[in-house]
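Dear colleague,

I am passing on a structure that you have not worked with before, and my notes on it follow below. Please open it alongside this message as you read.

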Amino acid sequence: MIKGVAACVPNRIEENRQYPGMSIEEIEKYIQVTGIERRHCTVHDGSVCTSDLCYTAAEKLLNELQWDRSEIGLLVFISHSADYRLPSTACILQDRLGLSKECMAFDSPLGCSGFVYGLSIVSSIMSLGTIKKALLLAGNTQSIFASPLDKSTALLFGDGGSACALEFDSENQDTFKFHLRSDGSGKDALIVPDGGSRNPVTENSFIMEEFEGNIKRTRLHEKMDGMAVFSFTLSDVPDAITIFHDTFAVNPEKIDYLLLHQANKFACEKIRKKLKYPPEKVPYNIHEYGNTSAASIPLLMVTEIKEALETHNLEIVMSGFGVGLSIGTAYISTHKIVCPELLYL
């Protein structure tokens, strides 16, 4: 069962209205459509990484839960902004958090669907009953991949990290239901072309190229096909959630909250209306934090439904979707969990 969730964002704020690459009219139109007014972003000099944000969230959560760290048998780190190409960031975090050497620790390089996929991974492993306590750390310092001269991504991405504590209890189990989907044919819709094994870094990787719409980026920046992503979001995501509802006989009227990955306010509202969820059940924080990738849903939990999580037993549907392309949808029940105030680093 989920015992607690915490989140951390950088102190540094970037105001979209101060972006120099667009006119005031263009920026206001962008904010109206996406809902993003500002984002919390690191400076990308190595001083604050995704692991630091997750570590800060985990430290706070573990202290509030008063867990014996020697009892934590699993740590999963979900991110595509790892500390190093190797070793695994999860192993580094196992040591930083003072966990036992008997703790299983590994990374999963997922993005926007990562928190839901991570819950599926951790709950599946814990269902065997051999691991009693686990940490799911999910986040990204996604803004590092955005070219400051690419208005399609520069105003979109924020950074964040999260920690979710889970405990195996055979007598008081939460309910978890998952529907996971992937479509690699859409890999080029969201991609950093160079820097991996397929396209290693060369001198050409650093060349600033110009594209239609006065967009400039290198091959080490994220390339986003906005129309492809928008089409995927409006067609595949509600379809996946509908299949999930039907498969598990989930009645939206009995759900307390639908937590959507904070990708784009306009697109998320389209999804909400297609699924016929009332506005009061679908919270947003995109105006303040932008698209924080794998940290999006836990950050939403902390900033928007903290009191409800702490004081009520809830039934929640959540869906993360994006890079891959991939979609993760889940139903979870919670029982008055620990949820610290949002942390800043």
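Which residues in H8 are buried? In H8, those residues are Ser296, Ile297, Pro298, Leu299, Leu300, Met301 and Val302, where buried means under 20% relative accessible area, exposed over 50%, and partly exposed in between, with a 1.4 Å probe and protein chains only. Because seven of the nine residues of helix H8 (residues 296-304) are buried, this helix is largely enclosed by the rest of the structure. The helix and strand names come from DSSP runs, numbered from the N terminus, with helices (H or I) of at least four residues and strands (E) of at least two.

Before going further, please note that this is a predicted model, in which local features need pLDDT of at least 70 and side-chain atom pairs count only at pLDDT 80 or more, while totals for chains, interfaces and linings use all residues. Residues are numbered from 1 along each chain as its sequence is written, and side-chain values use heavy atoms, with hydrogens and water left out.

Leaving aside neighbours within four places in sequence, Ile78 is in contact (heavy atoms within 4.5 Å) with Ser108, Leu110, Gly114, Gly118, Leu136, Leu137, Ala138, Gly139 and Ala294. Ile144, by comparison, is 66 residues from Ile78 in sequence and 17 Å from Ile78 in space, C-alpha to C-alpha.

The structure holds 17 salt bridges, each being a side-chain nitrogen of Lys or Arg within 4 Å of a carboxyl oxygen of Asp or Glu. One of them joins Lys133 to Glu71, with the closest N and O atoms 2.8 Å apart. This pair links distant parts of the chain, since Lys133 lies in strand E6 (residues 133-141) and Glu71 in the loop between helix H2 (50-65) and E4, 62 residues apart. Lys133 counts as buried at 9% relative accessibility, whereas Glu71 is partly exposed at 41%.

Another salt bridge is formed by the side chains of Glu310 and Lys306, at 2.8 Å from N to O. Both residues lie in helix H9 (residues 306-311), four residues apart, which is about one turn of the helix. Glu310 is partly exposed, with a relative accessible area of 31%, while Lys306, at 17%, counts as buried. Salt bridges that share partners also join Glu15, Arg17, Glu28, Glu37, Arg38 and Glu288 into one network.

Finally, the pockets. On a 1 Å grid over the protein atoms alone, a pocket is an open set of points where a 1.4 Å probe fits, with protein on both sides within 12 Å along at least five of seven lines, and lining residues have an atom within 4 Å of a point. Grid points are joined across faces, edges and corners, and a volume is the space filled by probe spheres set on the points.

The largest pocket has a volume of about 1400 Å³, and of the 42 residues that line it, His80, Ser81, Pro109, Phe145 and Val192 are the closest to its centre. The second largest pocket has a volume of about 890 Å³, and of its 36 lining residues the closest to the centre are Tyr30, Ser152, Met224, Gly226 and Asn264. H5 gives the most to this second lining, with six residues.

With best wishes
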